[in-house]
Amino acid sequence: MNATKLANYTNVKAQELWQTLYLCAKEKPNRRFHALFDKVYRPDILAEAWKRVKRKKGSGGIDGQTIEKIVHDYGESKFLNELYLELKENRFHPKPVRRVHIPKGDGNFRPLGIPTIKDRVVQMAVKMVIEPLYEADFQDCSYGFRPKRNAHQAIARIRKASRKAYWVVDVDIKGYFDNINQDKLMKLVELRINDKRMLKLLRKWLKAGVMEDGHFRDSATGVPQGGVISPLLSNIYLNVMDSLWLKRFSHLGELIRYADDFVIICKSKKDALESIGVLKGIMSKLDLTLSTEKSRLVNIWDSTDGFDFLGLHHRKFRKLNKGGSEIHVMSHIPSRKAMKKMRSKIKDYTDKRSNLYLDIDELIKGLNRKLHGFRNYYLISPIAQKWLNRIDWYVLERLCLFWNKKRNIRHKHSRIKDVIEMTKGKLVKVAQ
């Protein structure tokens, strides 16, 4: 069997396992699964897990091992064989995550934990095995980090819910990933799993700790952002809120959640205020706190105000009917933060000194990959074109600076007409 056929076979077998476990969990909502750990080190599951980790790339953890070293120096087969034996013989021990700080658009930093490559592969294998058990329980209002679900579906749900609703509870949980109660999380995990080896491994990842600037720190609470298994665990934790809301409080408004970000679309201000009280009670039970600085109550009756969610600003814009009557329709434009982030990415790419030696056509090819991503995500409604046109002009300005700098032209902003002509038909337009 050649490499391509083997890869396809491995993927098919992994999908079959996922589907079988999902159907079993869906059929019996109270069933707890015990024979799971031996599936984690199944050669086909490990091979598929490695393929997914390798595809996502990323840097190495505290042991210095990288994907490139495994592929080119150590050997993929050797790496997977050793991992298979460590898991089978119960010799696998998670290592602390490497803590780095990623800059955010508001000037603050987001802590990110980078597990070792070995931990990432095992976490991916575990995720492949246990995810279907919880997918059977997750609610339709949850869209983040789930198979066949994405941000655009959540936004479509907002658009539909807002047709007959006029108030939005825009919620932010203070330090969600860092404040998850690990004991409560594990009790929720145990509702579906009673495989002792699997539970022990999950606890070890939660307790593995953090290495930052050469110093070790215990992790008594939270799950590390950056771990492969972390989004699934965070969804398991907040599924308590989803289930409780849909069962007892859905009359107050429609809950729409993407990971730890969520909004509630309500028909009246009274329902919205009551929703805030309910949320505070649920958060208290989960040992979490709502951020009073970032959470808002928004009136979306007309075009006066809107709210930011998933990188987009959501607001009802005025629209004239054929008869001349006026209505307000929910639409979505890039948020200010998203516009700033797009400009920053374009500037970082075009301003690199290493790229100064590229031909402008080569620079455009690399830039187009970013612009394609922007267009696919942010061009979600016709009205967004007005904002994305500004990005297209900014791209031309940056290319003009690049071209003039490359040719040592003194006036760096001159000859933009030449650049427009030069890039015609080659440059992706975000607003089209």
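A helix crossing is called left-handed if the near helix is turned anticlockwise from the far one by less than a right angle, and right-handed if clockwise. By this convention, helices H3 and H5 cross in the right-handed sense. The model is a predicted one, in which local features need pLDDT of at least 70 and side-chain atom pairs count only at pLDDT 80 or more, while totals for chains, interfaces and linings use all residues. Residues are numbered from 1 along each chain as its sequence is written, and side-chain values use heavy atoms, with hydrogens and water left out.

The axes of H3 (residues 43-56) and H5 (residues 76-88) come within 11 Å and cross at roughly 125°; axes are lines fitted to C-alpha atoms, for helices over the stretch in contact, with angles from 0 to 180 degrees between N-to-C directions. Contact (heavy atoms within 4.5 Å) involves, among others, Leu46 and Trp50 of H3 and Phe79 and Leu83 of H5.

Turning to the strands, an open sheet of 4 strands has the order S6-S7-S3-S8 with antiparallel pairing; two strands pair if DSSP finds at least two bridges between them. Helices (H or I, at least four residues) and strands (E, at least two) are DSSP runs, numbered from the N terminus. S6 and S8 (296-299) are the edge strands, each pairing on one side only. Helix H7 (residues 151-161) packs on this sheet, touching S6 and S7, and its direction makes about 160° with that of S6.

S6 (residues 254-258) is joined to S7 (residues 261-266) by 5 bridges. Isoleucine 256 has valine 263 as its bridge partner in S7, and glutamate 254 stands opposite isoleucine 265.
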